[in-house]
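I opened the notebook to work through one chain. My plan was to go from overall build to single residues.

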Amino acid sequence: LERFDVTAGAVVLFELDLELLLPAMFQSQRRFVPLARFPGAERDMALLVDNSIPASRLEAIIRRNPLVERVALFDVYSGTGVPKGQSSLAFRIHYQLATETLTAEAVNAAQEQILRDLVRETGARLRG
């Protein structure tokens, strides 16, 4: 503490020996994902769907698009403004390519294709 001129507050120090730790992990759990070199893009999509359609089905359809890196359901709503028997599900979609920067046109095209797939396969519609 004196060497680093620390006079106030608690200080904690720990050391991890990765040579001992890594072999203890299951091989299937080891995964290194490098940081993306190129910027991604995020878009939100709010959909009206029949209550019988699970969010996981919609998410699986969204994930099929090759530009989609991540999908997160961030809002579920039913009530005023939503037809009876339906829900509004809102997803945040992160688009990313490892090899290049995405253009707005590429992201827009992917978003439109995802919407067409959702409409065709589930009857979902964009919430306006």
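These entries record what I looked up, in order.

**Entry 1: the overall build**

I am working with a predicted model. I started with the secondary structure. The chain has three helices and four strands. I read their order along the sequence as α-β-α-β-β-α-β. Next I checked how spread out the chain is. Its radius of gyration is 22 Å, well over the 14 Å that the globule rule gives for 128 residues, so the chain is more spread out than a compact globule. I also took the box along the principal axes. The C-alpha atoms fill roughly 65 × 35 × 30 Å.

Then I looked at burial and contact range. Of the 128 residues, 25% count as buried. I kept to contacts between residues at least 6 apart in sequence, and 73% of these join residues at least 24 apart.

**Entry 2: the nonpolar core**

Which residues have the most contacts inside the largest nonpolar core? I noted I62, F91, Y95 and L118, in a core of 20 residues. The elements that give two or more residues to this core are β1, α2, β2, β3 and α3.

I followed I62 further. Leaving out residues up to four places away in sequence, I62 touches V68, V71, F91, I93, I114 and L118.

**Entry 3: helix α2**

I stayed with the helix around I62. Which residues of α2 are buried? I found L58, I61 and I62. Seen down the axis of α2, the buried residues fall within an arc of 100°, so they line one face of the helix.

I moved back to the loop between β1 and α2, where I53 is found. Is I53 buried or exposed? I53 has a relative accessible area of 11%, under the 20% cut-off, so I53 counts as buried. Setting aside neighbours within four places in sequence, I53 is in contact with L58 and T122. L58 is one of the buried residues of α2. I also took a C-alpha distance from I53 to A124. The two are 71 residues apart along the chain, and their C-alpha atoms are separated by 9.2 Å.

**Entry 4: salt bridges**

I counted seven salt bridges. I looked at three of them in detail.

The side chains of R70 and E42 meet with N to O at 3.9 Å. R70 lies in strand β2 (residues 68-77) and E42 in strand β1 (residues 41-50), so the pair ties together parts that are 28 residues apart in sequence. R70 is partly exposed at 45% relative accessibility. E42 is partly exposed as well, at 46%.

The next pair was D117 and R64. Their closest N and O atoms are 4.0 Å apart. This pair links distant parts of the chain, with D117 in helix α3 and R64 in the loop between α2 (55-63) and β2, 53 residues apart. D117 is buried, with a relative accessible area of 12%. R64 is partly exposed at 48%.

D117 has another partner. R120 meets D117 in a salt bridge at 3.2 Å, N to O. Both lie in helix α3, three residues apart, about one turn of the helix. R120 counts as exposed, at 58% relative accessibility. I then traced the wider set. R64, D117, R120 and E121 are linked in a network of salt bridges.

**Entry 5: Q96**

My last stop was Q96. Where does Q96 lie? I placed Q96 in the loop between β3 (86-95) and α3 (104-122). At 11% relative accessibility, Q96 counts as buried. I looked for a partner for its polar side chain. A polar atom of the Q96 side chain lies 2.4 Å from the backbone oxygen of F38. Leaving out residues up to four places away in sequence, Q96 touches A36, F38, P39, G40, L67, E69 and L102.

Terms used
Residues numbered from 1 in each chain as written. Predicted model: local features only at pLDDT ≥ 70, side-chain atom pairs only at ≥ 80, totals over all residues. Heavy atoms only, no water. Buried < 20%, exposed > 50% of the residue type's maximum accessible area, 1.4 Å probe, protein only. Polar contact = N/O pair within 3.5 Å; in protein donor to acceptor, adjacent residues only side chain to side chain. Contact = heavy atoms within 4.5 Å. Core = buried A, V, L, I, M, F, W, Y, C linked by side-chain atoms within 4.5 Å. Arc of directions from axis to C-beta. Rg over C-alpha atoms; globule rule 2.2 N^0.38 Å.
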